[in-house]
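Thanks for coming. I have one structure to go through today, so please bring it up on your screens.

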There are 2 protein chains.
Amino acid sequence: MAMASENKSVERVGVIDLGSNTARLVIYHYEPGVHFKLIDQARQRVRLAEGLNDGLQLQPEPIERAIETLNLFRSLCDASGVAEIIAVATSAVRDAQNQADFLRQVKRRARLDLRVLTGDEEAWYGYVGVSNTLDAAEGMLFDLGGGSIEITRVVRRKPAHAVSLPLGVVRMKERHMPALPAGRKQTTALRDEVMAQFAGQEWVSEEAPTGRLIGMGGTARALAKLDQEARKYPLERVHGYVVTAAAIDGLIDQMKGLDLRGLQAMPGMHEDRIDVILPGAIIVRELLRASGYDRFTVSGAGLREGMFFTRFLEGKSSTLIRDVRAFSIENTARQYGAWNPHSQHVRKLALQLFDQLSGVHGYGAWEREILGAASLLHDIGYAISFFDHDTHSQYLILNSDLSAYTHRELAILGLLARYHRKGDIDCEPNCDLLEPGDQQRMAAMAAMLRLAEYLERGRRQSVRELTCNVGAAEIVITARTRGDAAIELWEAGRNTDLMESALGRKVRIVKE
Amino acid sequence: MAMASENKSVERVGVIDLGSNTARLVIYHYEPGVHFKLIDQARQRVRLAEGLNDGLQLQPEPIERAIETLNLFRSLCDASGVAEIIAVATSAVRDAQNQADFLRQVKRRARLDLRVLTGDEEAWYGYVGVSNTLDAAEGMLFDLGGGSIEITRVVRRKPAHAVSLPLGVVRMKERHMPALPAGRKQTTALRDEVMAQFAGQEWVSEEAPTGRLIGMGGTARALAKLDQEARKYPLERVHGYVVTAAAIDGLIDQMKGLDLRGLQAMPGMHEDRIDVILPGAIIVRELLRASGYDRFTVSGAGLREGMFFTRFLEGKSSTLIRDVRAFSIENTARQYGAWNPHSQHVRKLALQLFDQLSGVHGYGAWEREILGAASLLHDIGYAISFFDHDTHSQYLILNSDLSAYTHRELAILGLLARYHRKGDIDCEPNCDLLEPGDQQRMAAMAAMLRLAEYLERGRRQSVRELTCNVGAAEIVITARTRGDAAIELWEAGRNTDLMESALGRKVRIVKE
């Protein structure tokens, strides 16, 4: 808090997204190009597209709901000290013949300049939101909203094709499934329309799937949540979660005979989604079929985040962050006051151990990056309490916005932080997120992180460099020091056991 | 971090406690009289009392271990930017005939002025540590260390009697149980000596027990840890935990036939305690018998904290904090940047609801204080992330230094914070900490907190005062507002359901 008020370059921006189903507001606190933090959000189901199918007119009641909601969002922005509001509207307003009148009313009654995005712009900003928070260098994205779906093919981190089709979940529900449970006839009619629309976009189906399919929007998140509940998934996190075609088939089978109450009773179901989740699931399933992917990765970030990043990175050479993984680690370390010489020095020492011991452990570039990231984050739990700060670091890693890391990687980062001081690695309750060999992999990595941490026990960079001499039975680590390094050598010397067991050799620390 | 470097009045102090068994260092960051935070600690088992029984001479090897450890602690203090080190020694040094020579060596070789506390002083500072972190207004305290036990009778928050007896766990082990498993003869001899010593202090046994018995020191903490493991206790926290006489009897029965390996295998056993835990358990059990208490409450704070508080409160009229509960809430709120007008205003509104609805809910002063405390802490989870900050607030409450609250109270505070925005209260995994009626009690309190929070949604104190009119079927809450309060009235109006179910009436919010 003190930092914020004293730093002149810190700003607050509100981003409002008036969709066909839902209106959303996010408020960010940020230092341009350096770091950011979400500080508030609000959502209200407006159902602006209600009745839009007949004659492409926004109807009076939805208009009133929208303006009331926009007014409330403006009020919340004012209360939060937001200097600038970026407000955009998508499919419903884009397609409405009374668009101009609606925009005038918004201007006059909610004092907001609502920008209507074209389908291409909507796809672009969604892409920016995803590309800055996930590995989306190759593959396909979709953003399924209430009024439309945007589909983007990405090649070498550039959008190669993009299309916006009027296949939103509210529209499809109104046209094909006004009442539930839906009969076979309705389901078939919906599916047929969706298939026909996708078939009209040859590039969707003609090119073989590459990279990943990434899904944005409320339906993608809702499918993830339902699947997680069904599987008793250990993390409370949909961003980065992978939903398979088989899982969607299972959900469709389960949902198609249910009425509203039956749907409402499903674990993980969000109230606002009940009447549109089945059309949504069918649309996503048909997209997988048409595009040839057998799964999709959920992105919690999309259009709103893309609008935000465009502002956050204004003046930079690109609105795409070059290294999203490194950025998210630094952003998180900064958030918890751990972007400091100590954690950077622990990283240096840990990577010296990693590189010089590569002949022993045999791991490569991926493990090296993870070890470096864990080094930078190992102490973030201090922000909670000194006591058990290793446990708190793990909690923060699993609950923070390290958006570019897979859930398996988050589990590993969390466990490395958790065991950076003591103990043998116990992966519960997140063992299901790991892969074969990870236990051994983590033991070696935690051993290097732990030794680096104790060699930097005094947080004063007094152990400058390390040289490892690897023998058949013993590893001798020679520390070049500057000034008093007594506490470092003592603590490192009595904490070699994890490395000894992980690397199968005695370990000795000596002073140069 | 930024706050620290810019605030001239923030200081760092290291407190070293050279005990008969263990040497410990704690480092605090503090603003005198306002708030503090533990930032580092270290411990090393020195066993300074080893061989002291014979001729009251500190032996050469323990002396070397002590000086090496003190040097390391000094090095860690230097590395941490500590301006002042308070170093004290207790029983072993106090009783040693070669004390003066030892102190000269410490001065020369570790550059520390070691202050030898008298038994009375040791008891006093232990009392200060406890009294500032627990409700210890009436009752008895003990601090069982390696060399001695200090016992203090407290009457109206003043020490009425205090004694230091040479019944430390290392001494008793050396005298009576040099090898394990201990035979019946050794156990009886130890028990007889302890009983005789307690019998010599008539005030220990002659007065009927009042208030609580509170236990400090490694043995008290170790007994708590062992009992928690045996019971699968849900919290990772020994401060404030209650150990019954029956539980100690059970542990003694279990331990008395075990050798070192058997003891080591007990869940929750700390390596450094293995050889002294049985003598320790017997001493504590005999103290309960002599004093008439059937349980004791563990204090994680003691001598070191007492030394720290004496410095922290220097210049104040007392080294005892007047209201330790209010202080610990404020200290925690400050630590997470939540000591601000918003949380204070939520508290004001929640207490207005509580007071005006007392005829409906029927709760009293204790619930009122808890509701006020929960109001001040409800948003501390923002320090972790905006997303799920209610869940994070609960995590922080259960893992922070709210030392004066019982574990049941922490569970309630945590649940109130967890459900301050949405959801029905689910007490898992901490249901065992609650008492009958707490579920209903929390529903009413959470309902008031939640409404207060939404009435302060914009964090700008625009809802100034509340007036409740209670009817048989409906509660009408009239809000006096200042400026724009649209978002507050809207959010409060749509979040009345918990109060409606908890208080059995419709709830309507109106603007004055």
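First, the conventions. This is a predicted model, in which local features need pLDDT of at least 70 and side-chain atom pairs count only at pLDDT 80 or more, while totals for chains, interfaces and linings use all residues. Residues are numbered from 1 along each chain as its sequence is written, and chains are lettered from A and ligands numbered from 1 in the order in which they are written.

Now the two chains. A rotation of 180° with 0.0 Å of shift along its axis puts chain A on chain B, with an RMSD of 0.0 Å; the superposition is by least squares on the C-alpha atoms of residues with pLDDT of at least 70 in both copies. That is the relation of a two-fold axis. Both copies use the same surface, as 100% of the contact residues of chain A recur in chain B.

How many residues of chain A are in contact with chain B? There are 33, and they meet 33 residues of chain B, where contact means that the C-beta atoms, placed from the backbone, lie within 7 Å. On the chain A side, the elements giving two or more residues are α1 (2–6), β3 (35–45), α2 (60–79), α18 (389–399) and α21 (486–493). Helices (H or I, at least four residues) and strands (E, at least two) are DSSP runs, numbered from the N terminus. The largest share, six residues, comes from α2(A). By type, this side of chain A has 16 nonpolar, nine polar and eight charged residues. Here Ala, Val, Leu, Ile, Met, Phe, Trp, Tyr, Cys and Pro count as nonpolar, Asp, Glu, Lys and Arg as charged, and the others, Gly among them, as polar.

Next, chain B. Five strands form an open sheet with mixed pairing, in the order β3-β2-β1-β4-β5; two strands pair if DSSP finds at least two bridges between them. The edge strands β3(B) (35–45) and β5(B) (114–116) each pair on one side only. From one strand to the next the twist averages 20°. Angles run from 0 to 180 degrees between N-to-C directions, with axes fitted to C-alpha atoms, for helices over the stretch in contact.

Is β1(B) largely enclosed or left open? Six of the eight residues of β1(B) (11–18) are buried, so this strand is largely enclosed by the rest of the structure. Buried means that 20 or more other C-beta atoms, placed from the backbone, lie within 10 Å of the residue's own. A hairpin of three residues connects β1(B) to β2(B), and eight bridges join these antiparallel strands. With β4(B) (84–89), β1(B) pairs in the parallel sense over six bridges. Leu18(B) has Ala89(B) as its bridge partner in β4(B), and Ala89(B) also stands opposite Val116(B) in β5(B).

Helix α13(B) (303–312) lies across β1, β2, β3 and β4 of chain B, at about 145° to β1(B).

Last, chain A. Here an open sheet of six strands runs β8-β7-β6-β9-β11-β10, again with mixed pairing. β8(A) (158–165) and β10(A) (242–244) stand at the edges with a single partner strand each, so one side of each has no neighbour in the sheet. The twist averages 25° from one strand to the next. Five bridges join β6(A) (139–144) to β9(A) (212–216), which run parallel; one of the partner pairs is Met140(A) with Leu213(A). Helix α12(A) (277–291) lies across β6, β7, β9 and β11 of chain A, at about 160° to β6(A).

Definitions and conventions:
Two residues are in contact if their C-beta atoms, placed from the backbone, lie within 7 Å. A residue is buried if 20 or more other C-beta atoms lie within 10 Å of its own, exposed if 12 or fewer, and partly exposed in between; C-beta atoms are placed from the backbone.
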